[in-house]
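Subject: Structure for your review

Dear colleague,

I am handing over the structure below, followed by notes on what was found in it. Please read the notes with the structure open beside them.

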Amino acid sequence: MNTPIPRTILPFALVFFGLFLQGTQAEAEERKAYFAGGCFWCVESDFEALAGVHEVVSGYTGGTTANPTYKAVTKGGTGHYEAVEISYDDSVIGYDQLLHHFFRSVDPTDDGGQFCDRGDSYRTAVFVSNSAERAAAEMAKDEAERDLGRMIVTPVLDASRFYVAEDYHQDYYKSKELVLTRRGPKSKANAYKFYRKACRRDDRVRQLWGDAAPFAG
């Protein structure tokens, strides 16, 4: 025997059901993209400025060493890249838009690192999780190569396990925590700004991409 829902409960049930549908829809729209663009502090700072990006996490991927550390990755031999995991709402910003921004925010002609950071762990790469992402990444790479008029060496690689970097690397670019630098104590945010300028990241990106560079100040 079916028991009817009391009229006093029905409005609350409908509200709950509506919230459930909204949550399910939001979850369905959440996607993740994985890019390596040199220093992950910079890539995190760049992409967290985009509408539709919920969060960018710094980490390591592409290698064979389990549970890598920053020291081990930058020393070499792990196969890992400094990379980021971008969580985004694809109803606001699409994967193809992220790819477009990515290629124009790095030097994709450099296979030895990025800017002042040299070594395998600082190379660029796009990590894809399925055939649709691979097709989009290859198309974006071809488009960027045509626009730049130079050969792009950034590979499109199969995604592997992403390891979250140490806590002190997360949100480095906006942290007020003090760190000791060669110029004395500075907040992480100020140390980051000094590093980015000294590394001439934005200068090189502007030189390559001109007005098409999305993040170079």
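This is a predicted model: local features need pLDDT of at least 70, side-chain atom pairs count only at pLDDT 80 or more; totals for chains, interfaces and linings use all residues.

Residues are numbered from 1 along each chain as its sequence is written, and side-chain values use heavy atoms, with hydrogens and water left out.

Salt bridges

Lys174 forms a salt bridge with Glu48, the closest N and O atoms being 3.8 Å apart; the term stands for a side-chain nitrogen of Lys or Arg within 4 Å of a carboxyl oxygen of Asp or Glu. This pair links distant parts of the chain, 126 residues apart, with Glu48 in the loop between α2 and β2 and Lys174 in the loop between β8 (163-164) and β9 (178-181); helices (H or I, at least four residues) and strands (E, at least two) are DSSP runs numbered from the N terminus. A search of the whole structure finds 16 salt bridges.

Another of them joins Arg104 to Asp147, with the closest N and O atoms 2.7 Å apart. Since Arg104 lies in the loop between α4 (95-103) and β4, and Asp147 in helix α5 (residues 131-148), the pair ties together parts that are 43 residues apart in sequence. Arg104 counts as buried, at 2% relative accessibility.

Helix α5 also holds Arg134, whereas Asp158 lies in strand β7 (residues 156-158), and Arg134 and Asp158 form a salt bridge whose closest N and O atoms are 2.8 Å apart. Here Arg134 is partly exposed at 29% relative accessibility, and Asp158 is exposed, with a relative accessible area of 57%.

Cysteines

Cys116 and Cys199 form a disulfide, with their sulfur atoms 1.9 Å apart, a disulfide being a pair of cysteine sulfur atoms within 2.5 Å. The torsion about their S-S bond is about -110°, so the disulfide is left-handed. Cys116 is partly exposed at 42% relative accessibility, whereas Cys199 is buried, with a relative accessible area of 7%. Cys39 is in no disulfide, and the nearest cysteine sulfur, that of Cys42, is 4.0 Å away.

Definitions and conventions
Buried means under 20% relative accessible area, exposed over 50%, partly exposed in between (1.4 Å probe, protein chains only).
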